[in-house]
Amino acid sequence: MILFTKLLLAHLLGDFLFQPTKWVVHKEANRITSKYLYLHILIHFAVTMLLLWDLKLWWWAVIIALSHYFIDLSKIYANPYFKNKSIPFFIDQALHLVVLYCCAFNSDLLGNTIGLLKEINWPLVTAVVFVSYPASIVMAKLLEGMSDRIELDHKSLPNAGKYIGIIERLFVLVFIILGRWEAIGLLITAKSVFRFNDLKESNSRKLTEYILIGTLLSFGLGILAGLIYLST
């Protein structure tokens, strides 16, 4: 389980934190000729090797990187055939997880030769990484169909909503680990109070529903990460 968690952490770092949006756009536009596609795969290899911390296992990192390349390339060419872009995204992520699972749970050699860094709480690190940028991207995909129907507020700070979501999910994760569930209720109340004036002035039912769904999704992902961490 620790091995799978480390491979999952490497995936989250390589696919979300270390992959800017402009790389994704460039890959979709240039496909197999995109330089960022190969840089992205190289980063995955490097991060995987760093977390495995065993030069003898370089070929396992190569297998993961190569599978990532072909899965990503397939998604890039399949994207135009999907009206809902969330579908290829989630299929892509599911296939990556299958590869990581196979590497972690079906290789005695890999499990016996890796020197596990037991002093590091890998499940906690993975949970923290997940509730940051990966959760933001998952939410964006889930709300993609709704966001087109909402009028954008150009007075907002750039990416303010994304960072607010990351911070609130980190708070939720900490509160769950500490067993302070009542603090989550206070956090939801505080956010509702701050949002009240904006919703009142806009007088838009669509905006209210959109913010409510986004808030519930954000807190839900934070709670889910916390519960999974406590169960490990």
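This is a predicted model: local features need pLDDT of at least 70, side-chain atom pairs count only at pLDDT 80 or more; totals for chains, interfaces and linings use all residues.
Residues are numbered from 1 along each chain as its sequence is written, and side-chain values use heavy atoms, with hydrogens and water left out. Local features need pLDDT of at least 70 and side-chain atom pairs count only at pLDDT 80 or more, while totals for chains, interfaces and linings use all residues.

**Overall make-up**

The protein has 12 helices and 0 strands; helices (H or I, at least four residues) and strands (E, at least two) are DSSP runs numbered from the N terminus. Of the 232 residues, 39% are buried. Buried stands for under 20% relative accessible area, exposed for over 50%, and partly exposed for what lies in between (1.4 Å probe, protein chains only).

**Cavity and pocket**

Both kinds of space are found on a 1 Å grid over the protein atoms alone: in a cavity a 1.4 Å probe fits but cannot get out, whereas a pocket is an open set of points with protein on both sides within 12 Å along at least five of seven lines. Lining residues have an atom within 4 Å of a point. A volume is the space filled by probe spheres set on the points, which are joined across faces, edges and corners.

There is 1 cavity of 30 Å³ or more. The largest cavity has a volume of about 80 Å³, and its lining includes His11, His44, His68 and His96. Two or more lining residues come from each of H1, helix H3 (35-52), helix H4 (58-78) and H5. By type, the lining holds 5 nonpolar, 6 polar and no charged residues. Here Ala, Val, Leu, Ile, Met, Phe, Trp, Tyr, Cys and Pro count as nonpolar, Asp, Glu, Lys and Arg as charged, and the others, Gly among them, as polar.

The second largest pocket has a volume of about 550 Å³. Its lining is made of 23 residues, with Leu8, Leu12, Thr126, Phe130 and Ile228 nearest the centre. Helix H1 (2-17) gives the most to this lining, with 6 residues. Other elements that supply at least two residues include helix H5 (86-105) and helix H12 (205-231). The pocket lining divides into 18 nonpolar, 5 polar and no charged residues.

**Salt bridges**

The model contains 3 salt bridges, each a side-chain nitrogen of Lys or Arg within 4 Å of a carboxyl oxygen of Asp or Glu.

| Pair | N to O distance |
|---|---|
| Asp72 and Lys27 | 3.7 Å |
| Lys191 and Glu168 | 2.9 Å |
| Glu182 and Arg180 | 2.5 Å |

Asp72 lies in helix H4 and Lys27 in helix H2, so their bridge ties together parts 45 residues apart in sequence. Both Asp72 and Lys27 are buried. Lys191 and Glu168 are both buried as well. In the remaining pair, Glu182 is partly exposed at 44% relative accessibility, and Arg180 is partly exposed at 46%.

**Single residues**

Arg31 sits in the loop between helix H2 (21-30) and H3. Arg31 is not a glycine, yet has a positive phi of about 55°. Most residues other than glycine have a negative phi. With a relative accessible area of 29%, Arg31 is partly exposed.

Pro134, in helix H8, is buried at 1% relative accessibility. The C-alpha atoms of Pro134 and Phe16 are separated by 5.7 Å, although the two residues are 118 apart along the chain.
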